[in-house]
Amino acid sequence: MTRKHISGFSNPTVKYLRSLRDKKHRRRTGQFLVEGLRLLEDARVSGRVPRELVLAENRDPHELIDRLEAAVEAAGGEIVTTTPDILSKITGKSNAQSVVGLFDEFDTGLSQIERETAPIWMVAQDLRDPGNLGTMLRTCDAVGAGGLILIDDCVDPFSAEAVRASMGAVFTQKIAQARWDEFLPWLRGGPGQLVAASLRDAVPYRNAAYTSPCFILVGNESQGLPEAYEAECDLRVTMPMRGRADSLNAAVAGAVLAYEVLAGLDG
C-alpha cells in the first residue's frame, strides 16, 4: 500500500481521475469512479475494494473511512490525500464529498451470469436514462434478483449518475452487456422464461403463469420494445392504465412486474 499527497491541479493523477467522467475514457481504461462514503461502504461490504482511495485533507474523522483505508491497505491499493478544491475538480461538483474511490469495471460478459442462482433477472433494452438504470438495479436488489442484463445500446452502468442512482446495488448485482442477437441464443441455451409488458396478444399481469428463472424484459423509455423482440417472449403481459397516461416509466413498470413475478413464484 502506498500513500501520497496531491496539491496541484495539474498532477497527472488528477487529470486521469477527472477523465473518467467521460464514457470513452472509462471504456478505454476499464475503470470508474465512485463518490461518497455510503456508496464506498456498500462496495466494501459487498467485497469490492477500490484500487485507489482519494480523501480530502483535514476531513472530520469517521470510523467508516478508517475501515475503507484498512481495506484498501490490506488489498495493496493506494491512498491519496488532497484538497477539497481538487476533489471538486475530479468529480466536477462544487460540493464534492470528502472521499472518492477508483474501481476496476466488473466483468459484464454473459458467461458470468449463472441463471439458476436467482429466480428473477431483469433485462433492459436500449435504456438511455442513468436514473432508470440505477432504479432497475435497486429493484433487482429489493426482489432478490440475480442482476441486470443490458441489451443493445444502453446507458453506461458505470457512469457516476447510474452508480449514484443504484444506491449501492451496482455492487450487489450482476451486470451483463450484450447485443440482442447474442442474448437470445444464450437465453435459449438453458432454462429461462422471457416476459415483457406488452399490448400484443397479452394476458393480465396479475396471476400470470410465471416460471423460474424469469427474465423480465423492459424496453426503451420512449420507443418501448421492438415488435420482433416482443415476438420472442414466452409470455406477454398487460398492466391496467386507469388514468390518462398510456404507459408507465420503464423502471417503474419493471419494478411492478418484478414484484408480481416474485409473488407468483413464491405462491
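# Close-ups of a predicted model

**View 1. The largest cavity has a volume of about 30 Å³.** This is a predicted model, in which local features need pLDDT of at least 70 and side-chain atom pairs count only at pLDDT 80 or more, while totals for chains, interfaces and linings use all residues. Residues are numbered from 1 along each chain as its sequence is written, and side-chain values use heavy atoms, with hydrogens and water left out. Searching the whole structure turns up 1 cavity of 30 Å³ or more. A cavity here is a set of points on a 1 Å grid over the protein atoms alone where a 1.4 Å probe fits but cannot get out, and lining residues have an atom within 4 Å of a point. Grid points are joined across faces, edges and corners, and the volume is the space filled by probe spheres set on the points. The lining is made by Ile6, Thr13, Val14, Leu17, Val54, Val80, Thr82, Ile86 and Ile90. Two or more of the lining residues come from each of α1 (12-19), β4 and α5, and α1 gives the most, with 3 residues. Helices (H or I, at least four residues) and strands (E, at least two) are DSSP runs numbered from the N terminus.

**View 2. Helix α4 keeps its buried residues on one face.** α4 covers residues 63-74, which makes 12 residues, and it reaches 16 Å from its first C-alpha to its last, close to the 16 Å expected at 1.5 Å a residue. That expected span is 1.5 Å times one less than the number of residues. Leu64, Ile65, Leu68, Glu69, Ala71 and Val72 are the buried residues of the helix. Looking down the axis of α4, these buried residues fall within an arc of 165 degrees, so they line one face; the arc is taken from the directions from the helix axis to the C-beta atoms. Over on the other side, Glu63 and Ala74 are exposed. Buried means under 20% relative accessible area, exposed means over 50%, and partly exposed is in between (1.4 Å probe, protein chains only). The cover over the buried residues of α4 includes β1 (2-6), α3 (37-45), β3 (52-56) and β4 (78-82). Just after the helix, Gly76 takes a positive phi of about 75 degrees.

**View 3. Thr91 is a buried residue of helix α5.** The helix runs over residues 84-91, and Thr91 has a relative accessible area of 15%. A polar atom of the Thr91 side chain lies 3.3 Å from the backbone nitrogen of Lys93. That makes a polar contact: a pair of N or O atoms within 3.5 Å where, within protein, one must be able to donate a hydrogen and the other to accept it, and residues adjacent in sequence count only if both atoms are side-chain atoms. Leaving aside neighbours within four places in sequence, Thr91 is in contact (heavy atoms within 4.5 Å) with Arg21, Glu35, Ala96 and Val100.

**View 4. The largest pocket has a volume of about 660 Å³.** Of the 25 residues that line this pocket, the closest to its centre are Ala197, Ser198, Gly224, Ser247 and Leu248. Unlike a cavity, a pocket is an open set of points, with protein on both sides within 12 Å along at least five of seven lines. β11 (214-218) and α11 (250-266) each put at least two residues into the lining, with α11 giving the most, 4 residues.

View 5. Most residues other than glycine have a negative phi, and most peptide bonds are trans. Asp126 has a positive phi of about 60 degrees although it is not a glycine. Asp126 sits in the loop between β6 and α6 (130-143) and counts as buried at 16% relative accessibility. Asp152 is likewise not a glycine, yet has a positive phi of about 65 degrees. The place to look for Asp152 is the loop between β7 (147-151) and α7 (160-165), where it is buried, with a relative accessible area of 16%. The peptide bond from Ser212 to Pro213 is cis, with omega near -5 degrees; Pro213 belongs to the loop between β10 (203-204) and β11.

View 6. Tyr229 comes from helix α10 (residues 227-231) and is buried, with a relative accessible area of 14%.
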